[in-house]
Amino acid sequence: MTQKLWARLIKGPEVRFISHLDLVGTVEKALRRARVPLAFSQGFNPQPRIAFAAALPVGMTSSGEYVEFTLREPWPPEFFLKQVNGQLPPGLALAAVREVPEKYPALMAVVNLARYQIGLELPAGRGSEDFSRAWEGFLQQEEVTVSRQTRKGLRRFNLIPYIYHYRLQEDSSDSIAITLELRLTPQGSVRPGEVMEAFRAYTGWEGRVFFLHREGLYIVRDDGIHSPLTVKF
Amino acid sequence: MKPELEEILPQVSKPTRYLGTEWNAIKKDHRQVDVSFALAFPDVYEVGMSHLGSKILYHIINKRPDAVAERVYAPWPDMEARLREASLPLFGLETGTPLAEFDMVGFSLQYELTYTNVLNMLALGKIPLRQEERGPGDPFVIAGGPCAFNPEPLADFLDLVVLGEGEEVIGELLTVLKEWKQEGGQDREAFLRRAAAIPGIYVPSFYRVHYAGDGTIAAVEPTRPEAAPRVEKRVVADLDAADFPSAPVVPFMDIVHDRAMLELFRGCARGCRFCQAGMIYRPVRERSLKTLLAQAEALQRSTGYPEMSLTSLSSTDYSRIRELIRRLQEAYGDLKVSLPSLRVDSFSVNLAREVEGLRKASITLAPEAGSQRLRDVINKNVTDRDIEEAVAVAVAGGWTAFKLYFMIGLPTEEEEDLLGIARIAEQVASTPDPAGGRGVRRVTVSVSNFVPKPHTPFQWEPQVEEGELVRRQQVIRRALKNRRIILNTHDTRASFLEAVFARGDRRLGKILLAAHRLGCRFDGWTEHFDYGKWEEAFTACGIDPAFYALRRRPFTEPLPWDHLSPGVAKDFLSREYQRALRGEPTVDCSLVSCSQCGVCPTLELPIRLRGGDRDDPETVGQID
Ligand code: SF4
């Protein structure tokens, strides 16, 4: 009888430069040190069943990464949390974990929204009003093309359909805080850095992005926005 | 992390190289210890972090409450540029302490083409490059590793050199350093004299080299009473009693050898005549099964690595290799065990098949030479039959990709030997699969250029000159017909430079300095190697590199490294050289009889096969 656990992982500034692939390996080694009875995939080269809901861009911190672990024998979730946290390097921690029924869908198949906190400088002589106007003008376009260098070559796509919601807040007299919600779709997603780059290119905005943080991942349905740790199927 | 570093890291490739916060990294307050040591590796993080010797020293030094060791690697050129821009000195990874603030900076010398990185790291660390320019407050710059058995090209830059295995001598050295510091720590010569009295420590500045009219060495003369006329290497007699790194640092990023390392034994008794490691690490000393199982358990608990490599010069030679593998697999169901070096025979390939299955896409075999005759010359005890059988077993086991390693430019090599390389590759490529499968899909033939190394039977041999090496590469290329064979050759100019520095003397210090000033670094990396700059350096200094690489040295000529001893007698090497020319093999001294290399009597140490008889059914299941 296998057990399925969904956990929220924090990635702090100490480890923000670790790539997604390295993060997966780091978590796997921590689980092995904690002697977690991980379940493995089948095949010539069995891999532990650890699945991240959505890769986090390098350089970014996060207070809400979600990971699905499959254990080959059940562990009490609190025990799991304690054991694994004792083995994670500085900057990484499991904040919470929940056991989900076996029949639940895979976490990565249901998570479809990411919320980011972005800090943007207001250049001299420009107020938050100026920014709101520029920002809204930017998002009113039908199409804003992002070009991304991938291993398979250059990928070009329109970022507008990925914008779900945003909220602006004056942070201080010289900066603005943006809460930006972006859709995650089976076809892909747009990174907040790409949105901000496109914004700066379109509007000629001079202020620098000085803060970029993923607050969490969510499941949006007709009945609202849910956290993976409380959602029911 | 320092704010300046925070700024820089997003702009460089692979920033996790420079974090220093990996699991098991040890951070100590320098004010709470008496001596600080920077373990410097003159290559990029991924290479340095894969080196077992450095892990051992990190563990041993940090275990002392009165000492701290931090790691430092050669910054990749993009990071170097940022450090220079920001005027940040090179630093120890754990606490960011500038290199110049350590009491001692110790370089691991694994490869001659890292020497300019040694200089570059000193420069980036703001440490005076030449030993004689250093004064009170500057660190002592030391070195160890295989290239330390001829450190002469670096003599101008090193305060002292450690010969042989470091785990015991490092403690003795740090204790002397601590005492010297407590007495005031001003007189560098006083420290070096005390250090020179420790067996295994060589202080280059305490020796004067006299040259003959023809440019060869006439004599090397010690100039202080503490400096021994011949410095013997250090070895650890009992590896079961030796400390081992039970909790090595686990990198965040994927490194060259990203797995736990279990060291089965040191030394190798096979006696390949080209192999420096086989000579300088003698005699063979095995760990007992019991020790290895305890170490495997500690590594599993402390690192969580999903893979464990059984490392040694020739791992499948471990007396109880089958027993060890069986017990590891029983104890750790999902641990992948891997064998880094496979001997070319069906026994080894079968073992690899048992432990690795088809996890690895390809299997690597190193016949080294293309004919039986030449393999006898180099004492590579592998027959054509061994090769055939090993390949047949591998194909039957399901492997479809092969990597074959050969050398060209070996002494006495002829056309026939080169064609033999092509012939073996063709044979492997057309080995049928008895099960009727697809058979061999790809054969990658990697041909490197032979570099004669000090303290080997071929130390007197000239290297084959470049143009001829290129021609020999072409002979092989032309002889290969099968399109499934890929031939990789090595840069002959890099091999030439390696040969120059491997058997160089002190006069090459000028060249290193000139090359460093011209911007040479990472010379072992094709994308950074710039031979033009080296030519410029040789011309500017009026030194002919061919004198070092291409000249046949008479047996009577004093060699630059004669005063440094790995325990193997020079007359054994010359005997082996004569046997090579006659094509006479020499037996494995751990299996058959002693071939009188001199190591055991010199070091008063017998070879030690702790595993017991080779997987003898009688002893299987028993542990010492
Ligand atoms: S002295 Fe004899 S037994 Fe010892 S390493 Fe040399 S050849 Fe082998």
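Reply: Happy to. Lys403(B), Arg438(B), Arg441(B) and Arg442(B) gather on the surface in a patch of positive charge. This is a predicted model, where local features need pLDDT of at least 70, side-chain atom pairs count only at pLDDT 80 or more, and totals for chains, interfaces and linings use all residues. Residues are numbered from 1 along each chain as its sequence is written, chains are lettered from A and ligands numbered from 1 in the order in which they are written, and side-chain values use heavy atoms, with hydrogens and water left out.

Me: What makes a patch?

Reply: Patches take residues with over 30% relative accessible area and no salt bridge, joining like charges within 9 Å and nonpolar side chains (Val, Leu, Ile, Met, Phe, Trp, Tyr) within 5 Å. Lys and Arg count as positive, Asp and Glu as negative, while His and the chain ends are not counted. Each charge is placed at NZ of Lys, CZ of Arg, CG of Asp or CD of Glu. Areas come from the Shrake-Rupley method with a 1.4 Å probe, and for residues only the protein chains shown count as cover. Here, Lys403(B) sits in strand E16 (residues 401-408) of chain B.

Me: Which residues make the nonpolar surface patch?

Reply: Val587(B), Leu591(B) and Val592(B) make one of about 270 Å². Val587(B) belongs to the loop between helix H20 (570-582) and helix H21 (599-603) of chain B. Helices (H or I, at least four residues) and strands (E, at least two) are DSSP runs numbered from the N terminus.

Me: How is burial judged?

Reply: Buried means under 20% relative accessible area, exposed over 50%, and partly exposed in between (1.4 Å probe, protein chains only). Val587(B), at 41%, is therefore partly exposed, and so is Lys403(B) at 34%. In chain B, 61% of the 624 residues are buried; in chain A, 52% of 233 are.

Me: What counts as a salt bridge?

Reply: A side-chain nitrogen of Lys or Arg must lie within 4 Å of a carboxyl oxygen of Asp or Glu. The count over all chains is 75. One of them joins Asp417(B) to Arg373(B) (2.8 Å, N to O). Asp417(B) lies in helix H14 (residues 415-429) and Arg373(B) in helix H12 (residues 372-377) of chain B, so this pair ties together parts 44 residues apart in sequence. Asp417(B) is buried at 2%, whereas Arg373(B) is partly exposed at 35%.
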